[in-house]
Structure formats: structure tokens, C-alpha cells
Amino acid sequence: MSDGELVKNDRPPAPEIVAAGWLSVYELFCEASRRNPGKIALADRTRSFSYAAARGRIDAMAARLSADGVVAGDRIAILSENCIEYVELHMAAARIGAIVA
């Protein structure tokens with residue numbers, strides 16, 4: 001096989017991979033949360049949150065965005081350093097169908 005040549009795989013993808021293609025990043029996160037609620041989902045140098053705790057924080061952020069009038073299709077801009085809240089805002093936006101630009 002030469003460089004740049006792709007390997008052909010005659011097997012179809014696993015059903016869970018096909019199904020994942022129809023889910024939002026929030027829905028994928030919820031599935032991981034359902035399977036691993038006590039495992040660490042988000043962490044930085046000083047804090048960490050389990051999937052269950054992170055999901056609660058994300059849902060609260062999504063509720064706040066909705067209360068502030070953000071609806072599906074709206075665009076949200078983020079100016080931030082890399083942090084847990086940055087990831088949570090992406091997930092919260094996905095939860096309500098908003099777009100992070």
C-alpha cells in the first residue's frame with residue numbers, strides 16, 4: 001500500500017456509530033452521562049465534575065440561555081480562555097439548538 005492510499009473496509013459501521021450521526025453533541029454527552037454518571041467528565045487544574053454534576057450545570061446554563069431569550073438557530077459568540085465553562089456553554093447551546101460561533 002502506498003502513502004495516501006485508503007484501506008477499504010467492507011464491513012458496515014456498528015449500529016451505535018450510525019445512530020450517533022443523528023445525535024447532537026449534547027445528546028451524546030447525555031448518553032455518556034447515563035452510562036457513567038459518577039465518572040469525571042470535565043476537569044481543569046483545580047476542579048473536576050462528574051458526568052451527573054456536569055449535566056446539571058449544563059442544563060442550568062441552557063435554562064438561563066432560554067430565559068434570556070436564546071432560541072434554536074440563534075448564534076452565540078464566546079470570548080474566553082479554555083475553561084470548563086467554555087465546554088459547558090457549547091453543550092448548553094447544543095441542548096437548545098443554538099449555534100456557537
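## A tour of the helices and the core

Of the 101 residues of the chain, 23% count as buried, where buried means under 20% relative accessible area, exposed over 50% and partly exposed in between, with a 1.4 Å probe and protein chains only. This is a predicted model, in which local features need pLDDT of at least 70 and side-chain atom pairs count only at pLDDT 80 or more, while totals for chains, interfaces and linings use all residues. Residues are numbered from 1 along each chain as its sequence is written, and side-chain values use heavy atoms, with hydrogens and water left out.

**Whole chain.** Colour by secondary structure. The chain has 4 helices and 4 strands, and from the N terminus on they run α-α-β-β-α-β-α-β. Helices (H or I, at least four residues) and strands (E, at least two) are DSSP runs numbered from the N terminus. Among contacts between residues at least 6 apart in sequence, 56% join residues at least 24 apart; a contact means heavy atoms within 4.5 Å.

**H2 and H3.** Select residues 25-35 for helix H2 and 51-67 for helix H3. Two packed helices are described by the angle between their axes and the distance between the axes. H2 and H3 pack at an angle of about 145 degrees, with their axes 9 Å apart. Axes here are lines fitted to C-alpha atoms, for helices over the stretch in contact, and angles run from 0 to 180 degrees between N-to-C directions. The crossing of H2 and H3 is left-handed, a term used if the near helix is turned anticlockwise from the far one by less than a right angle, with right-handed used if clockwise. To see the contact, show Tyr 26, Phe 29, Cys 30, Ala 32 and Ser 33 on H2, and Tyr 51, Ala 52, Ala 54, Arg 55, Ile 58 and Asp 59 on H3. The residues of this contact of H2 with H3 divide into 8 nonpolar, 1 polar and 2 charged. In these counts Ala, Val, Leu, Ile, Met, Phe, Trp, Tyr, Cys and Pro are nonpolar, Asp, Glu, Lys and Arg are charged, and the others, Gly among them, are polar.

**H2 and H4.** Val 25, Tyr 26 and Phe 29 of H2 and Met 91, Ala 94 and Arg 95 of H4 make the contact. By class, the contact of H2 with H4 has 5 nonpolar residues, no polar and 1 charged.

**H3 and H4.** Now hide H2. The axes of H3 and H4 come within 8 Å and cross at roughly 60 degrees, which makes H3 oblique to H4. H3 passes H4 in a right-handed crossing. The contact of H3 with H4 has 9 nonpolar, 1 polar and 5 charged residues.

Start with Glu 88, which lies in H4. Is Glu 88 buried or exposed? Glu 88 counts as buried because its relative accessibility is 1%. Beyond four places in sequence, Glu 88 touches Leu 42, Arg 57, Ile 58 and Met 61.

Go to Leu 89, also found in H4. At 17% relative accessibility, Leu 89 counts as buried. Draw a distance from Leu 89 to Ile 58: they are 31 residues apart in sequence and 7.1 Å apart in space, C-alpha to C-alpha.

Then pick Ala 93 in H4, which counts as buried at 1% relative accessibility. Leaving aside neighbours within four places in sequence, Ala 93 is in contact with Leu 65, Ile 76, Ala 98 and Val 100.

**The core.** A nonpolar core is a set of buried Ala, Val, Leu, Ile, Met, Phe, Trp, Tyr and Cys residues joined through side-chain atoms within 4.5 Å. Of the 20 residues in the largest one, Phe 29, Ile 58, Leu 65, Val 70, Ile 76, Ile 96 and Ala 98 touch the most other members. H2, H3 and H4 are the elements that give two or more residues to this core, and H4 gives the most, with 7 residues.

Note on methods. Parallel < 35°, antiparallel > 145°, perpendicular 65-115°, else oblique.
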